[in-house]
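Here are my notes on this one, written up point by point. Have the coordinates open while you read.

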Number of protein chains: 2
Amino acid sequence: MAKKKDENTELQILEAAKNVFQAKGMDGARMQEIADAASINKAMLHYYFRSKQLLFEAVFKNAFAMLAPQLNIILNDESSIEDKVKNFTSSYISFIIKHPYLPNFIIQELNRNPAFLQKIQENSTLLNIDKFKKRVELEISQDILKPISGEQLFINILALNIFPFVAKPLIKAFTKEDDAGFKKLMKDRRTEVSEFIIHAIKK
Amino acid sequence: MAKKKDENTELQILEAAKNVFQAKGMDGARMQEIADAASINKAMLHYYFRSKQLLFEAVFKNAFAMLAPQLNIILNDESSIEDKVKNFTSSYISFIIKHPYLPNFIIQELNRNPAFLQKIQENSTLLNIDKFKKRVELEISQDILKPISGEQLFINILALNIFPFVAKPLIKAFTKEDDAGFKKLMKDRRTEVSEFIIHAIKK
DNA sequence: ACATTTGTTAACCAAATGGTTAAACCAAGC
DNA sequence: GCTTGGTTTAACCATTTGGTTAACAAATGT
């Protein structure tokens, strides 16, 4: 019946599509380029994924799923805010240094088509900051933290961690660093960012 | 010689092109759609701007130029770091609330083609953080600020101000806010962000 | 008035692009 | 060995897209 090569081809396609889509976006990507990158015939893309749209969605879902475990550190674990921040920052930045195209890809395509989020949102715990907010309020009432809204703190944490990778060309221009220098700046941020946040919120 | 409508048409095109490019990006934008939005014939786009690429560059340069005065607050004025932060934050966020597509547009296209920066970089004072860094070092030596590298502080300031607008769909999903709620969150940030930063860096 | 320049339009074009098809290929079961 | 059914390929197709052209309209200079 089925060849063994079956699954292999599908993975080859997904890997190639990931690279092309992340580099060029949905609109900029070409099916032929994906086929070339996967060393297969263009018709195979449609045989396995029916359309560019469906192939893209498969890639996007994979990409988004890679970030979920990171976000859970902030949103759903039981530790203190300080630990959440330290833990998330070092873990997230290390992770993104290995997958530098990921944040930009997700943000770019989410802006192009915000409806994608609802398609993924079945996993409701992932996009729910209630638990985080409760913990923030608790620690404020315990005089551990200065007053701040949970939403704003959450936005700030994401911003400080994610933004530099999204704005990499801009930051490289300002700091006049090359790729190696930029990477070093980012590595430093694994501790710098959590210190910055802790200083800002701790009483 | 020239009709009076001359300049008017060019501005109509630029305005329409701005809207379409900012909403769909270079790759997603269609010349026909821009022509329709400007209520003119498609051939006019080429008559005034020769090619899609050149029209895009005109739009991009305009967009980038709008941000320059904002950045100068941080980089080139003579005030203290605290004043720079307060001044920039309230001014920048108010500005972006009026032009919400701008940051995402610029970041997206800079990632697609980082070479655009060099085309603009003739204005060297805009992309130079030396003066800002010197001021940071001065205030650290005066015991006004906690030790922090100028680069990292600059990245943090940009991140906290720009990121929420770039990641708007994500933030709307997390906070479960509608457009009005999101806008309110952003307005709050005009003071929240500077307080956050000041707390983080002031001794 | 009239020639010239500039602005505008509709029709057209070649290339690129996502997608389809029909035939070939090939491993497995009989 | 040959049938069967999923896999792969080359050729093809319709549409879209950026760009061009040639004719026409409106100003302007003289």
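1. Start with E109(A), which is buried at a relative accessible area of 1%. Keep in mind that this is a predicted model. The side chain of E109(A) meets that of R112(A) in a salt bridge, with N to O at 2.6 Å.

2. Next, K133(A) and E151(A). They form a salt bridge whose closest N and O atoms are 2.8 Å apart. K133(A) belongs to helix α8 (residues 130-141) of chain A and E151(A) to helix α9 of chain A, so this pair ties together parts that are 18 residues apart in sequence. As for accessibility, K133(A) is partly exposed, with a relative accessible area of 22%, while E151(A) is buried, with 14%. The cut-off for buried is under 20% relative accessible area.

3. In chain B, have a look at K86(B) and E82(B), whose side chains meet in a salt bridge at 2.8 Å, N to O. Both are in helix α5 (residues 81-98) of chain B, four residues apart, or about one turn of the helix. K86(B) counts as partly exposed, at 40% relative accessibility. Back in chain A, salt bridges that share partners join D27(A), E109(A) and R112(A) into one network.

4. How many salt bridges are there over all chains? A search of the whole structure finds 28. Across the interface of chain A and chain B, though, the rule finds zero. What the interface does have is polar contacts: twelve residue pairs between chain A and chain B, both residues at pLDDT 80 or more.

5. Which parts of chain A supply that interface? α1 (5-28), α4 (52-76), α6 (102-112), α9 (150-166), α10 (168-175) and α11 (179-201) of chain A each give at least two residues to the side that touches chain B. α9(A) gives the most, with 13 residues. By class, the residues on that side of chain A divide into 33 nonpolar, ten polar and eight charged.

6. On size, 51 residues of chain A are in contact with 51 residues of chain B. The area buried between the two chains is about 4,500 Å², and carbon and sulfur atoms give 71% of that. In chain A, the residues losing the most area to chain B are F163(A), F174(A) and F196(A), together 18% of what that side buries. If you're picking side chains to display at the interface, that trio is one place to begin.

7. Finally, the symmetry. Chain A superposes on chain B by a rotation of 180 degrees with 0.0 Å of shift along its axis, at an RMSD of 0.1 Å. The two copies are therefore related as by a two-fold rotation axis. Which residue of chain A has the C-alpha nearest the axis? That is A200(A), with its C-alpha 1.9 Å from the axis. The same surface serves both copies, as 100% of the contact residues of chain A recur in chain B.

How values were computed. Residues numbered from 1 in each chain as written. Chains lettered and ligands numbered in written order. Predicted model: local features only at pLDDT ≥ 70, side-chain atom pairs only at ≥ 80, totals over all residues. Heavy atoms only, no water. Contact = heavy atoms within 4.5 Å. Buried area = accessible area lost by both parts, 1.4 Å probe. Salt bridge = Lys/Arg side-chain N within 4 Å of Asp/Glu carboxyl O. Polar contact = N/O pair within 3.5 Å; in protein donor to acceptor, adjacent residues only side chain to side chain. Nonpolar A, V, L, I, M, F, W, Y, C, P; charged D, E, K, R; others polar. Least-squares fit on C-alpha atoms with pLDDT ≥ 70 in both. Buried < 20%, exposed > 50% of the residue type's maximum accessible area, 1.4 Å probe, protein only.
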